[in-house]
Amino acid sequence: MLRPRVPGAYAPGSTPLHRLDPRVKLMMLLVATVATFAAPAPLGLLMMTVGLAAALVASRTSPATVLMGLRPAAVVLALSVASNALVLVGQPGFSPDGLVRGALVVCRIALVVGFALSFSSTTPPPAIADGLAALMAPLRRVGVPVGAIAMSASVALRFIPLTVEEVDRIRCAQRARGALLDEGGPLRRLRGWGQVLVPLVVGLFRRADELASAMTDRCYTGEQTALLGPLARRELVVLIGAVAWAVAAALL
Amino acid sequence: MIEVSDACFSYGEGDVLDHVSLSVGAGERVVLLGANGSGKSTLSRLLNGSLEPTSGNVLVDGRTDGLARLVGYVRQDPRNQIVSSVVLDEVAFGPRNLGLSREEVLRRVDEALDACGIGELRNRATSELSGGQQQLVAIAGVLAMRPRYLVLDEVGAHLDVAARGRVNEVVERLVGSGVGVLEIAHDPLALFGAARAVVMEGGRVAWQGTPRELLKSDDARARAGFGEDSVARALSIAARRGLSLDLRPEPHAVARYLVREDACAFGQSHTKALFRPFLASKMAFARGSHFSLRDVSLDLRGLTLVLGPSGSGKTTLARLLAGVMSPDAGDVLLDGRPVRAGRVGLAFQRPGDQLFCETVYDDIAYGPRARGASERDVDAAVRAAAARLGVGEELFDRSPFDLSGGQMRRVALAGVVACESGAYVFDEPTAGLDGPSRAELRRLVHGLVEGGDPVVLVTHDAGEWLEEATSVAFLRDGAVVQQVEAHVAASSPELFVAVGLEAPFMVELRAELEGGAEHA
């Protein structure tokens, strides 16, 4: 029942990035991601960092959120820097080159995480799905069920809060019967989660069934009218600007 | 006109529908009543073509195919109907499937939102809305497809009195504009404004007539599942004396046909038992802005109802009382000792949420085993709990997920009772149950209270519990506004209004009757 703010979860607002068309944002994210890995250090990366700063300002995201988003991967990132900096094979010792190399990779990953967060926190899930559907539209010609893929993505995102609620309720009911879910060693805790999973999965399947027939009731066949209109000129300009900047950073 | 003629349906073994005929005209409101499992839902699924009759036929305005476009279907729990995480997108879902142009889709979205009076929710996240708002969004999503008929499958079951009223207003307007409505209901108030009532029993139409005839006939009322319902009893007395059911359910209009002595016939029972002391004192709890309680002190002996609008902290309170969360300050004491998880039983509306073992026996035995009791004591506790809740021993080897809804509920409660908790907290236990199942749950709770165990009940359906309850606690914004004796709350609508709720019909009616007697 306690829902902590997950870094990157959609936060309603009306910043310039909120108002931007999801297709443009999705393209920009794609281009920025490629450019971040292609850009040479240090100038290209510096340019990308300036770009990220602009994105964070335009979406009013605090840099602290980006650090929060990196936290789950912190151990892996630290290990990769360490393993680059420390030489264990042959002549053991410390390698400054390796340290720089590792640090640069971490920098690139942090940049990409930052871009992704500023996208996801300003774009509601259905708009992400619509954007995906629009960008994947050409694949329809080779038989890819684009509408269905976008719809599944949207429904999956919609189910996340419901699932969190359900897990919480089941755990409460079990704890009230004396189940010790948060005590004991890792094995016991894992077993505790197992007994939460049974009613959860049964419940979710029942819900999925019900939702599927609710969708059929509303004439869902897989193809839907696109809700996104043609792109405004201002949005095209933003997109072209972003692409030009990314190309420049990558080619520096 | 929807015409079902001589339709049968079977899911494999045995007929769920047995030669059923039914019609719903344009602009007509028909109420479909009957116990859970009588075939109501199956019949309603035939109307929009999502099920096809095995024999007989279903015609909607002369057509037999493409019925889903003509007949909109709204479900009991909006959470199972809402597809999208944003309101605008949710309402657009139906029209987008019809192959309409983008402009037309957006126009219909606005039209449907306006028709439901929720234009201001356009860009909100669906998961953040209250149950009542979610149900209005679900209805708007169906209206955006411009159906000629609507099937409403117990749409009020999860809503409080005020939200039910809002949904009802929307439906009334639609009927006025020529939409035909078939409404499945368990609430006798649904009879108001209906042209006809149809009662199903064992897959057949057991009774059909006007709402007034239904109320006047004891047999029809019992078949409809209203046998033990005090509102239905009051309405039936009023109907015999000439009450018209054409308009909205207004307590003062009904009260005109009743006298104060009638109130005894609605039933008001009092339990007299030695109550174990169960107290909450100066309890405070805070987690962010949404889940806070402050300075909550309650005397929870006997059966206590906890009432309050959504967001008032009811669920948080229930969990603190059950000991599955700990208060930041203050105590919850049962028999003078602080509660902890496992000492107070906690049960939710859906029994499936608390079943997780492979067999019924193991499930009931879970609590005693977790406490470390010997196998002999466990066996004794299981058999005692099963007997107390009427779970037959022949079910012990079955999987709890194979049982019917009613059996599952008994098993889930037996699992709670087997812990020998000594106090029980129920969180919204009756939402979506039919009349007989609700009456059964009331008997179960009554039995627990008679046995001397305190029971706390968090609910939006206060009306039916007031007769059983010892006291009522009104919650608002995380604080207890008042705790009063149940018989006081039973005739004081102002207490409900003071916390932002609407009083149940029965409470308004009692107040009218008692007020009327004072004036006389």
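**Sheets, helices and whole chains**

Trainee: How many bridges join strand 1 (residues 2–10) of chain B to strand 2 of chain B?

Mentor: Strands are DSSP runs of E with at least two residues, helices are runs of H or I with at least four, and both are numbered from the N terminus. Two strands count as paired once DSSP finds at least two bridges between them. Strand 1 and strand 2 of chain B pair in the antiparallel sense, and the bridge count is six.

Trainee: Before we go on, which pLDDT do local features need here?

Mentor: Residues are numbered from 1 along each chain as its sequence is written, with chains lettered from A and ligands numbered from 1 in the order in which they are written. This is a predicted model: totals for chains, interfaces and linings use all residues, side-chain atom pairs count only at pLDDT 80 or more, and local features need pLDDT of at least 70.

Trainee: Back to that sheet, then: which are its edge strands in chain B?

Mentor: It's an open, antiparallel sheet of three strands in chain B, ordered 2-1-4. Pairing on one side only are strand 2 (15–24) and strand 4 (55–60) of chain B.

Trainee: And at what angle does helix 1 of chain B run to strand 1 of chain B?

Mentor: Angles go from 0 to 180 degrees between N-to-C directions, using lines fitted to C-alpha atoms, for helices over the stretch in contact. Helix 1 (residues 40–47) of chain B lies across strand 1, strand 2 and strand 4 of chain B, and its angle to strand 1 of chain B is about 125°.

Trainee: Chain B has another open sheet, with six strands; what is their order?

Mentor: The pairing in this sheet is mixed. Strand 15 (345–348) and strand 19 (479–485) of chain B each have a single partner strand, so one side of each is left without a neighbour in the sheet. The order is 15-16-17-12-18-19.

Trainee: Which residue in strand 19 of chain B stands opposite Arg476(B)?

Mentor: Strand 18 (residues 471–476) of chain B pairs with strand 19 of chain B in the antiparallel sense, over six bridges. Opposite Arg476(B) is Ala479(B).

Trainee: Is helix 9 of chain B largely enclosed or open, and how many of its residues are buried?

Mentor: The buried residues of helix 9 (residues 230–240) of chain B include Val231(B), Arg233(B) and Leu235(B). Just after helix 9 of chain B, Gly242(B) takes a positive phi of about 110°. Helix 9 of chain B is largely enclosed by the rest of the structure, because its buried residues number nine of the 11.

Trainee: How are helix 5 and helix 6 of chain A oriented to each other?

Mentor: Helix 5 (residues 74–85) of chain A packs on helix 6 (residues 96–120) of chain A at about 155°, with axes 7 Å apart. Under 35 degrees counts as roughly parallel, over 145 as roughly antiparallel, 65 to 115 as roughly perpendicular and the rest as oblique. That makes the two helices of chain A roughly antiparallel.

Trainee: And helix 13 with helix 14 in chain B: what is their relative orientation?

Mentor: The axes of helix 13 (residues 360–370) and helix 14 (residues 375–389) of chain B come within 9 Å and cross at roughly 120°. Helix 13 and helix 14 of chain B are therefore oblique.

Trainee: Zooming out, what radius of gyration does chain B have?

Mentor: Chain B has 19 helices and 19 strands, and 55% of its 520 residues are buried. The globule rule, over C-alpha atoms, is 2.2 Å times the number of residues to the power 0.38. A compact globule with 520 residues would come out near 24 Å, and chain B agrees at 24 Å.

Trainee: What about the radius of gyration of chain A?

Mentor: Chain A has 10 helices and two strands, and buried residues make up 27% of its 252 residues. A compact globule of 252 residues would be near 18 Å, but chain A has 23 Å.

Notes: A residue is buried if 20 or more other C-beta atoms lie within 10 Å of its own, exposed if 12 or fewer, and partly exposed in between; C-beta atoms are placed from the backbone. Two residues are in contact if their C-beta atoms, placed from the backbone, lie within 7 Å.
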